Each structure stands twice: as C-alpha cells, then as structure tokens.
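Hello,

Here is the structure you will be working with. Please open it and keep it on screen while you read my notes.

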Amino acid sequence: MRAAGVSGGSDNGVVYIVVELMSAGDADPSAPCVRAVPCQVDPVSGQVHADAPVVLSAADCVAWVTDREIDRPRWVWADTSVVYDFLLARGVWVAKCHDLRLSRAILSRAAWVDSSVFRAPSSQAEQGAQELAWWDGPTPVAARQDVLFDESHSEVTPDCVAELERQMRVLRTAGNGWRQRLSFLMALESAGALIAREMYAVGVPWDRDHHEALLREQLGERPAVGVRPAALEAVAQELRRLLDAPELNPDSPKDLLRALNSAGIPVTTTSKWALREHRHPALAPLERYKHLARLWTAHGWAWLDEWVSDGRYRPVYTPGGVVTGRWGADGGGALQLPRAIRGAARAGDGFTFVIADASQLEPRVLAAMSGDAAMAEAGRGGDMYQRIADAGVVPSREHAKYGMLGAMYGGTTGVSAQVLPQFRQAFPTAMAMVESAARVGERGGQVTTWLGRTSPPGVVSHPDESDDADVARERRLRSRSYGRFTRNFIVQGSAAEWAMAWMVEIRLRLHQLSLGDPTLSAPSLVFFLHDEVLIHTPVEWAETVAEVVRVSARQAGETLFPGSVVEFPVKVLVNDSYTDPKVVSQGVGESHGDLADHAP
DNA sequence: TAGTACAGCGCC
DNA sequence: AGGGCGCTGTACTA
C-alpha cells in the first residue's frame, strides 16, 4: 500500500473538503451536522475554487465522498480537536486532513516563505484584522464542544475557505523544494492531530487495581486529603532524625537545604545529582523520599481519579505543542508516565500490546539528513554506539553514546567534549551540520528541520564598548545557549518528523487491516512517546501488527529521506502490559526487527 | 486569595 | 554533561 496520507508533497489534483460544524444535532449519525465545501486548489496560483456548499449528516460524510468517487479527499477544518472529535463520536473515520491552525503556525514561522498575507488583511481592515487574529489565537471557547454553538462567545466567524487560500498562496512563495517539504510537513502534522484525537478517544486500557496495589506496596494505604501516606511519613521522620532537624519539611527545598548544610553536607542545591556527590547516612533515605513523594503527588490516587475512567487512561496530546515539532501534552502527564507505573497499562481480554521504539532515532536522523556516509554505515545492522566503538572511533560504547549526545546537544565538558575530535574526524559531514546550526544560533539566526519547520528568531545582541565584563560574559553565555538550542533543534525536530511519518504509516496500515474485519476489535494506536508507540490489538493480530510497525519504519525512512542508506530499526515487543522494549528485549527485540527485515 | 517564579524530577 | 518538555509543591508578589 502506498501511503497516500504521507505523500503530501504535491497537492495537484487533491480535492479539499472544507468542513465546518453547523449544528450540535445529537449522536444520531443521520442528523445534519456539517457544512462541506468541495474545493480544488490551482497548482500554480494557489487559488481555491470552491463548489457549492453541501449540508451533510455524519453518515453522509462517508457515503457522499464514496458517491463522488473521490479517493480520500483532504478534509480541511480550523481545529482537529473540535471537528474530528465531533465526527469520531459519530463514527466517521477520516484518512487525512489539513488542520488550518497547525498549518498556519508552521507557515507563518517558516523561513522559506513570504507569510505577510497572514498579517496584512487586504480589505475590510477592521473585520479582516479580527479574523486574522482569530487564526493566530487559541481555540475560542465557543468552538469547543462542551459549549458548542453558544453564539454569545463568537465575535468572529472564521472563513475556512479564505484561510485555506491564504495558506496555499503563502506556500507558493516557497521555492519548489521547500514547497514540497512544507506541504508534506503540514500533511504530517495534520495527520498527527487525527492520531492524537483517536488516541484520546480510544484510551490506554488501565488497570486501576494494579496501579493501586503498586501504590499500596510503596506508599501504604491511601491517606486522607493533605496527609502524607504512612510510608512517606516514616521516611520523613527518619530524615528528621538523621539530619537532627525535628521540624524539617522535606518538601521544602529551602528548609531541606538548610538542614543538609547544618548536617555538614556542603551542597548549594538539593537536587538528586548534586547529592550523589556526597556521602551521608541521610542521603539514601532522602532519595527514597523524593521518589515516593513524586509517585504520590504526580501519579498517585489523585492522578487515577482525574485521568483514569471506565478503565482507560486518556492521554491529551498537543501536536506541534513544542517548538521543535515534538508533541506536547496537556494534563495527565502523557509524556512523563514513569516507568514504575506503566505496568498498570494492561491489555483487555483477548488483546495484547505491541510496544515498539525506534533505536537511536536521533543519531540516525542526523546521519540521514546530513548525508554522512560513515555515520550511516555505523548504524547498519545493529547497535550504532557499539559499532562506533568497535570501529575504533572511541574506546567504548559509553564513549560513543556520550559523544553522540554531546554532538547533538552541544556538550562542552566531560566525555562528550573529550571525544569531539574523534567524532569530527570520523563523521565530518554530520558534525559540520550540527556545528553549523550551532553557529547560526549563536549569531541569532534561524535554522530549519528537514521538512522546513523553523526555529524561533534568536535574540541578536551586539557587543558594545560600554559593556562591562559581566554584561559581555552574560551575552556570550546566552549566545552559546541559543547555539545549543538551534544545534539540537534540527535533530530533535527532524526526528519528530520521522516519528510522525512512522505513526501515520502505522495508522493507515492498521486501518487497512481492519477494513477486512470491520468489527470493534481492530488494533488501535493508543500511546505515543517521542520515539515509541503502543498499539492495543487482538492477540491473533499481534504478529501482523508487529510487522506493520517494522514496515512502517522502513517506509518512513524512505519517504523522508529518499535514496538514503540509513536504517531505522525498531525494537518490537508483544506483551500484555506496557513494559519497556529497551530493557525487556535486549537481543530479543532486535531479533524481531532484525536484518531480515531490512533485506532488499 | 490568586497568580507566578522557581526548584526539582518525571519522560524522551 | 548538553537539548526539549509537563507537573508538583513551596515561596513569593500583587
């Protein structure tokens, strides 16, 4: 299957259907609910030719498209989280969309386009300016489903067709190569938004009893509100005794720091890594206290009450929520679920999880985008860090790992700085790319990811003779810091693009699978963590799904980096609970996604 | 009382 | 070590 949803490089001939919700209706799929405007986009000018609007029910949405023999039109709407939630609740699955807000954010920051039309209304200045501001603002309360169609809140009626046309025109101010990449990026970002809402709708099967047993084991019984759990209070008491500080509140860093200093521990911060430099009988219990306190406050009973219902944990993702293009999370801590509680994610009866993560994704993306042949070669057929060590570039796997992290993050000390010269020599092309990105950032310039997402403008600050030494030093530090950011931006952001392409491929293939068996028991993507996905699937499809995950990784690499020899192996694990493929399947996981998978 | 800054730690 | 986040409690400001 060619992944139509991903190959958004060209929009020639694509039919766009602009969709707006027009009536709350009810859950009845036959009730009229959306106004749909079929459009064609002129490939040269970007002009949008709109047909007459049609009013559709949810049931119509699918049938109508089929009747018109349109294969997978691109649905266009202001906000995926508003319109798609509405459609999903009525059983409408959408193959691909164009999220106007997410796409506008990409285009309006992109270095390679002239986006002035987003800021300069051509006519009807007052009204026009308001509408332009609407597009850049947050989703208005009135558009959210909980208060949908509450007219009192909406002062501006956004014109989705007009916004689509603005975006298509802006896109065409980019050179041909960047136009295709940005177009692709918008397609990926929009598809990601679909996936994020589908994940929310499905949820991760979550075993409350298991989670509570885990809490009881470590913290004791659930305490009254505002009271420390017994086990935590016991550790606090022990700390007060060991530090000879009867009034100590270990939750107060200030209080704690004072107590530590009084006890003769010369630290200036109470952070875990600083304390590990010292020896004192209180430090082990303190680390234990911090661990338990975190578990209790962030992922304890209150978390369960708020985020798990009907046996499902529903992660709230915000695609494009991070400057680099990574997804963010909004409540529930979807991107910070501690390993310690992941075991509470348990597959339902007759189901299991396919857990997959991409091995050493960022270095591989760096190798591919820079075209560094040596780095690509180091990633062939196995553990990249081990192979770098084996090749004699550095003495050990650890050196290779920290060297790579230093290259991508801008490490200046320790092992990462120490092996920099060897890395420069062994991987000149890749190192030149990240170091060039760093220099651009240091000068206050902007860099872009592989698909053209652009870093925020840096702060340009020129030296001045009147500066004293401190000011000059501060400016140098800021400049270096921004350089580390832009250095990492190109890698982290491009890796996020790979991850989205991977997930979109997986989604379309899983959908193909379920077409053959249109029952409720289809495999679903339920969780995502930067370079890792969790799929809930009927047991009998687990191996098929595992293969889908591997094939999709290969396809994502080929789609993003055509002709590149860089491999993107994934570790795949089939398990009834959410455990870590990195830990559980050393060796085993690789044999799933092994060399045979990458053979021509 | 409400909002915000910061420290600290969870994840990648 | 170095990049990106979200969430929590404490401590502080308005």
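**Contacts with DNA strand C**

A polar side-chain atom of serine 252 sits 2.5 Å from a phosphate oxygen of DNA strand C. Keep in mind that this is a predicted model. Bases are touched too.

Which elements give two or more residues to the surface near DNA strand C? They are helix H11 (283–299), helix H17 (397–409), helix H18 (414–418) and helix H21 (469–515). H21 supplies the largest share, 4 residues.

Now the surroundings as a whole. By type, the surface divides into 15 polar, 9 nonpolar and 6 charged residues. On the DNA side, 67% of the atoms within 4 Å of the protein belong to sugar or phosphate. The rest belong to bases.

**Tyrosine 402**

Find this residue in helix H17. Beyond its neighbours within four places in sequence, tyrosine 402 is in contact with Val415 and Ser416. Leucine 420 is 18 residues away from it along the chain, and their C-alpha atoms are separated by 9.9 Å.

**Helix H11**

Check the length of H11 yourself. It has 17 residues, so at 1.5 Å a residue it should span 24 Å. The C-alpha atoms at its ends are 23 Å apart, which agrees. Several residues of H11 are buried, among them Leu283, Pro285, Tyr289 and His299. What covers the buried residues includes helix H7 (208–219), helix H8 (230–242) and helix H9 (253–262). Helix H10 (272–275), helix H12 (301–307) and helix H13 (339–342) are also included.

**Strand E1**

Last, look at residues 15–21. This is strand E1, and 6 of its 7 residues are buried. E1 pairs with strand E2 (residues 32–41) in the antiparallel sense, over 7 bridges. Valine 18 has valine 37 in E2 as its bridge partner. E1 also runs parallel to strand E5 (residues 74–77), joined to it by 3 bridges. There, isoleucine 17 has tryptophan 75 as its bridge partner.

Best wishes

Terms used
Residues numbered from 1 in each chain as written. Chains lettered and ligands numbered in written order. Predicted model: local features only at pLDDT ≥ 70, side-chain atom pairs only at ≥ 80, totals over all residues. Heavy atoms only, no water. Near = heavy atom within 4 Å. Polar contact = N/O pair within 3.5 Å; in protein donor to acceptor, adjacent residues only side chain to side chain. Nonpolar A, V, L, I, M, F, W, Y, C, P; charged D, E, K, R; others polar. Expected span 1.5 Å × (residues − 1). Buried < 20%, exposed > 50% of the residue type's maximum accessible area, 1.4 Å probe, protein only. Contact = heavy atoms within 4.5 Å. Pairing = 2+ DSSP bridges.
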